[in-house]
Amino acid sequence: MKKNKFSISKILSAILLLFIVFVTAYPFIYMVAVSFSENIYVLKNDITFYPKGFNLKVYAKVFEDKRIFPAYKNTIIYVVLGTVIALFVTTGAAYALSKRKRCPFAKTINGMLIVIMFFNGGMIPAYLAINWLGMYNTIWAVVLPGALSAWNLIIMRSFFAAFPAEIEESGQIDGLNDLGILWFLVIPTSTAVIATIGLFYAVGLWNAFFGPFIYLRDHTKYPLQIILRQIVLKGEAIDSEMIISGGKDIIAEDSIKYATIIVSILPIILVYPYLQKYFVKGVMIGSVKG
Amino acid sequence: MEVISKKNTTLNINRALPSNQNRFFNKLKDGKYLLLLVLPAVICMLLFYYLPMWGVLISFKQYSPFKGFVDSPWVGLKHFRVFFENPFFYKYFRNTILLSAYSILWGFPAPIVFALILNDVQNIKFKKLVQTVSYMPHFYSTVVVVGLFTMFLSPTSGPINKLIMSLGFNRVSFLADARYFRTIYISSEIWQSLGWGTIIYLAALTNIDPQLYEAAIIDGASKFKRLVYITLPCLAPTIITMLLLRLGQVMNVGFERAYLLQKPSTYETSDIIQTYIYRTGIEGNNFSFASAVGLFNSAINVFFLVTCNKLSQYLTETSLW
């Protein structure tokens with residue numbers, strides 16, 4: 001089988017794959033390089049792969065921006081609270097629905113889940129619903145609407161359905177009801193799937209832009225993604241004082257933008273090894289059994 | 001103790017009610033904790049999915065936030081008529097369909113091809129490297145991806161224009177030019193999802209029985225023949241399911257991406273139905289009209305989903321439901 005080890009097709013595919021790696025990784029490398037570089041090199045467009053005149057001035061400027069810290073704090077609150085609520089909602093429902101025979105109305109509820117996988121009311125009715133519920137401009141408009149994802153629920157449900165019945169029966173004999181069995185027996189042995197789904201929700205909440213954008217009015221409640229858009233896309237990076245200060249202290253707008261992006265994706269990069277491992281599993285469970 | 005009391009109540013109900021109702025109450029009693037567990041999810045569904053679905057009815061009303069839902073008068077199909085008679089209707093419709101069609105045309109086969117190539121790599125370390133790097137952008141937010149593309153394509157400081165100029169051409173302001181919008185939109189989408197999209201196909205590829213390949217090799221089938229007669233037919237159900245799911249979202253073009261990438265100077269190609277809904281509905285407070293436009297959008301989606309599913313049932317016996 002391996003007689004033509006260096007066939008042309010192999011070389012071509014290796015080149016193509018290396019090209020893909022380069023195209024995906026380069027923007028990140030470039031971003032890091034620019035954000036750590038001395039200003040003069042950035043303005044001269046002189047950076048390609050590594051920082052020139054290494055320094056942290058840009059990051060100091062980013063953290064001086066009065067919008068960044070509150071937004072970071074807001075995002076963390078939204079992510080933590082949102083993930084906890086979502087896991088509470090999803091785990092309970094997934095467990096109950098995995099007991100198809102015993103759970104009352106299981107058929108109806110499963111049907112409702114299928115419907116929301118394919119249909120939704122659309123942007124405007126969703127927006128009005130948030131208003132009718134009195135959640136406009138509150139934290140709940142950010143953390144609650146996403147608390148139930150049909151896909152995540154189905155992944156978890158198929159996982160729980162494969163949970164060994166003997167363990168649950170032993171719990172019943174010990175006098176545990178369904179809540180006790182879930183809390184003391186099922187959850188401690190299912191931490192992997194719960195962590196996976198939790199990460200799904202957490203990344204979604206961290207990256208959420210549009211929900212907070214239309215549901216929040218107060219700037220003090222804005223999460224990081226909205227501030228990121230203001231700085232990177234709308235060019236509201238430079239405070240007026242920065243322009244005035246001039247001279248050696250001026251910092252290229254691009255550096256600020258790249259540094260802000262890096263600051264915003266840092267947590268994602270830190271958890272990326274886990275994300276990759278667990279997410280791939282999650283997608284597999286979903287595709288095979290869902 | 002619990003067991004005893006449970007038995008007693010069961011007996012009582014047994015005597016009091018006919019058997020059908022009896023079974024129902026028994027099930028309710030037995031599953032009461034399960035019901036409790038599923039309740040938050042049901043409430044979430046009702047509030048955030050079914051309430052908006054019912055709210056779609058404002059498309060047929062002249063909704064005013066001050067009068068409320070009930071007191072706003074019915075106007076029938078007025079908003080739909082206004083939308084169809086809008087001189088720009090054709091533009092929104094065309095932009096949506098074209099953006100979506102190009103996105104499927106380029107974006108759908110890309111991960112399949114990538115997965116096939118990746119699956120052929122024998123060096124595990126190299127394969128892992130490619131996967132680790134290419135999955136990464138999936139976890140960036142749309143704002144970050146659009147930000148990166150905007151900065152890389154910037155006419156003054158972007159590396160792409162630097163390259164173009166070093167090759168002796170004039171700089172191009174990609175983002176302000178309507179001709180480039182679709183290309184940029186689709187490139188950014190593929191850039192973000194190419195690696196991640198392979199996972200499902202790689203999983204399907206590992207499920208193919210290696211004996212099939214061994215037999216084919218003994219029979220002298222070339223690599224290309226193995227691809228056409230073994231790999232692709234085995235992948236077909238996965239590909240069709242994914243395509244159906246994608247077609248059911250034809251009109252749901254990635255709104256966030258389009259909204260963040262568009263500029264008034266590119267509206268000619270970048271203004272899609274969804275961005276129009278946002279502008280008239282949320283910025284313009286024209287709720288009923290925007291909701292009607294949204295309903296029209298969803299109706300096309302449903303039509304596509306059902307038609308393609310029927311077609312696939314008929315042709316390949318693969319169905320979503």
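Visitor: How many residues of domain 1 of chain A are in contact with domain 2 of chain A?

Guide: Seven residues of domain 1 of chain A are in contact with nine residues of domain 2 of chain A. Two residues count as in contact if their C-beta atoms, placed from the backbone, lie within 7 Å. Before we go on, please note that this is a predicted model, where local features need pLDDT of at least 70, side-chain atom pairs count only at pLDDT 80 or more, and totals for chains, interfaces and linings use all residues. Residues are numbered from 1 along each chain as its sequence is written, while chains are lettered from A and ligands numbered from 1 in the order in which they are written.

Visitor: How do you know where domain 1 and domain 2 of chain A lie?

Guide: The domain assignment places domain 1 at 1-55 and domain 2 at 59-290. Such bounds come from an automatic or database domain assignment. On the side of domain 1 of chain A that touches domain 2 of chain A, α1 (8-35) and α2 (39-43) each supply at least two residues.

Visitor: Which domains does chain B have, and how far apart are their centres?

Guide: For chain B, the assignment gives domain 1 (2-71) and domain 2 (84-316). Their C-alpha centres lie 40 Å apart. Six residues from domain 1 of chain B and five residues from domain 2 of chain B take part in the contact. On the domain 1 side, these divide into three nonpolar, two polar and one charged.

Visitor: How does the radius of gyration of chain B stand against that of a compact globule?

Guide: The radius of gyration is taken over C-alpha atoms, and the globule rule is 2.2 Å times the number of residues to the power 0.38. A compact globule of 321 residues would come near 20 Å, but chain B has 27 Å. Along the principal axes, the C-alpha atoms of chain B fill a box of roughly 90 × 70 × 40 Å.

Visitor: How many helices and strands are there in chain B?

Guide: Chain B has 17 helices and zero strands. Helices (H or I, at least four residues) and strands (E, at least two) are DSSP runs, numbered from the N terminus.

Visitor: Why are α13(B) and α17(B) called roughly antiparallel?

Guide: The axes of helix α13 (residues 223-247) and helix α17 (residues 287-316) of chain B come within 8 Å and cross at roughly 160°. Axes are lines fitted to C-alpha atoms, for helices over the stretch in contact, and angles run from 0 to 180 degrees between N-to-C directions. Angles under 35 degrees count as roughly parallel, over 145 as roughly antiparallel, 65 to 115 as roughly perpendicular and the rest as oblique. The pair α13(B) and α17(B) is therefore roughly antiparallel. Among the residues making this contact are B:I240 and B:L244 of α13(B) and B:F304 of α17(B). By class, the contact has six nonpolar, three polar and no charged residues.

Visitor: What makes α9(B) and α11(B) oblique?

Guide: Helix α9 (residues 142-152) and helix α11 (residues 181-206) of chain B cross at roughly 125°, their axes coming within 11 Å. That is why α9(B) and α11(B) count as oblique to each other. The contact brings B:V145, B:V146 and B:F149 of α9(B) to B:I184, B:S188 and B:Q192 of α11(B).

Visitor: How many residues of each chain take part in the contact of chain A with chain B?

Guide: Chain A gives 71 residues and chain B gives 69 residues. Helix α15 (residues 253-289) of chain A gives the most to the chain A side, with 13 residues. That side has 51 nonpolar, 14 polar and six charged residues.

Terms used
Ala, Val, Leu, Ile, Met, Phe, Trp, Tyr, Cys and Pro count as nonpolar, Asp, Glu, Lys and Arg as charged, and the others, Gly among them, as polar.
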